[in-house]
Amino acid sequence: MTTTFNSIKTLRDTLKPLRADKKIALVPTMGNLHEGHISLVKLAKQHADIVVVSIFVNPTQFGVGEDLDSYPRTLDADTQKLIEAETDYIFAPTVEEMYPIMPPPTQVLAGSISQQLCGQSRPTHFDGVGIVVTKLFNIVQPDVAIFGEKDYQQLAIIKQLVRDLSFDIQIIGGPIVRAEDGLALSSRNQYLTDNERAIAPELHKAVLDLAVKLENAEANSIESLQSLIDTSIAEINAKGFKVDYLAVKNQDLTEIMDFNGPQEWVIAVAAWLGKARLLDNQQVVVNK
C-alpha cells in the first residue's frame with residue numbers, strides 16, 4: 001500500500017522504527033512523472049526494502065525568468081503511477097513545509113563543478129539543488145538514493161556532496177530512458193510542438209556521431225577535440241536547435257588534458273528547441 005505524506009515530522013516518525021531491519025531508498029523527483037522516473041523507482045526496489053519517492057517542485061533551483069510557475073504539477077497522476085510501481089511512501093511537501101523562511105538563508109554550494117555546463121547559463125540552479133537534496137537526505141535518511149544519469153552534472157554534484165558532507169548514503173545512477181527514436185525522456189519534452197518533437201531526436205544522433213569520432217581517435221589534441229566540438233555545435237544548430245553548450249570532459253567533469261592511452265570521457269549537451277531546453281549525454285571510451 002502506498003501512503004502519501006506532506007509533513008516532515010510524520011514521515012520521519014513513520015520511517016524511524018523501520019530502520020532497525022529495513023533498507024530505505026529515496027528517489028527525489030519534481031513530479032510530472034514519466035517512464036524514466038518509474039525506472040528509477042524500479043531500480044530503487046532492487047536495492048532497498050522501502051522506497052520513498054519525493055515530489056517537490058523546488059523553487060530554489062529555478063532562476064529568474066525560468067519556468068517555475070508553468071512547470072507541470074500532476075500529483076494525482078503521479079500518485080497513480082507510483083501506486084502501480086508499488087512505491088511504499090510518497091513525500092509531497094508544500095514549499096512552506098520545506099522552507100519555513102523563503103528564500104532560505106542557509107546555502108549548500110558545490111564549488112567549481114557547479115559553475116560549468118548548466119551552471120554557466122543557470123548560475124544559481126545547483127545551489128538550489130544542493131539545499132533541497134541535503135534537506136531530503138536529512139529528512140528521509142536513506143541508505144540508498146537514486147538519480148537519473150540524464151542530468152549527468154547533477155549526479156556528479158550529488159556524489160561530491162555525499163562525499164564532502166559524509167552522508168552515509170549509496171548514490172546510484174539510473175540509465176537514461178529514451179523514446180523509440182532516441183530522445184531522452186524528460187518532463188520538459190511536453191513543451192515541444194509536433195514539428196519540434198520530430199526534430200528533437202537529432203540531438204541524440206549528433207551526440208552519437210561525435211562519440212563515434214572520439215572512439216575512432218579523431219581527437220588527439222586539445223585543438224582537434226575543440227574542432228570536433230565546434231563542428232558538432234554547428235551541425236546541431238543547423239537542424240533548428242540553439243546549443244547552450246556541448247562539451248567533452250573526463251567522467252568526473254574535469255578538463256581533458258591527456259590524450260594518451262585508454263580514456264573514459266563524457267559528451268554533455270544542452271540545447272534549446274523552441275521553449276524546451278533538452279539535456280543529453282553519452283559516455284565514451286577512447287584510445288582503447
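Student: Which residues in α9 meet α10?
Tutor: The model is predicted: local features need pLDDT of at least 70, side-chain atom pairs count only at pLDDT 80 or more, and totals for chains, interfaces and linings use all residues. Residues are numbered from 1 along each chain as its sequence is written, and side-chain values use heavy atoms, leaving out hydrogens and water. Contact means heavy atoms within 4.5 Å, and on the α10 side L225, L228, S232 and I236 take part. Their partners in α9 are L203, A206, L210, K213 and L214.

Student: How many residues of the contact of α9 with α10 are nonpolar?
Tutor: Ala, Val, Leu, Ile, Met, Phe, Trp, Tyr, Cys and Pro count as nonpolar, Asp, Glu, Lys and Arg as charged, and the others, Gly among them, as polar. In this contact one residue is polar and one is charged. The nonpolar residues number seven.

Student: Is α9 roughly parallel or antiparallel to α10?
Tutor: The axes of α9 (residues 201-215) and α10 (residues 222-238) come within 10 Å and cross at roughly 160°. Axes are lines fitted to C-alpha atoms, for helices over the stretch in contact, and angles run from 0 to 180 degrees between N-to-C directions. Under 35 degrees counts as roughly parallel, over 145 as roughly antiparallel, 65 to 115 as roughly perpendicular and the rest as oblique. The pair α9 and α10 is therefore roughly antiparallel.

Student: Why are α6 and α7 called oblique to each other?
Tutor: Helices here are DSSP runs (H or I, at least four residues; strands are E, at least two), numbered from the N terminus. The axes of α6 (residues 125-140) and α7 come within 11 Å. They are oblique because of their angle, which is roughly 50°.

Student: Which residues in α7 does α6 meet?
Tutor: From α6 come F126, V129, G130, V133, T134 and F137. By class, this contact has eight nonpolar, four polar and no charged residues.

Student: At what angle do α1 and α6 pack?
Tutor: The axes of α1 (residues 8-15) and α6 are 9 Å apart. I8, L11, R12 and L15 of α1 touch N138, I139 and V140 of α6, a set of five nonpolar residues, one polar and one charged. The packing angle of α1 and α6 is about 45°.

Student: Which residues is S186 in contact with, leaving aside its neighbours within four places in sequence?
Tutor: S186 sits in the loop between β6 (170-174) and α8 (194-199). Its C-alpha is 9.2 Å from that of N32, although the two are 154 residues apart in sequence. The contacts of S186 are H34 and K150.

Student: Is the peptide bond from M102 to P103 cis or trans?
Tutor: P103 lies in the loop between α4 (95-98) and α5 (118-121). Most peptide bonds are trans. With omega near 0°, the bond from M102 to P103 is cis.
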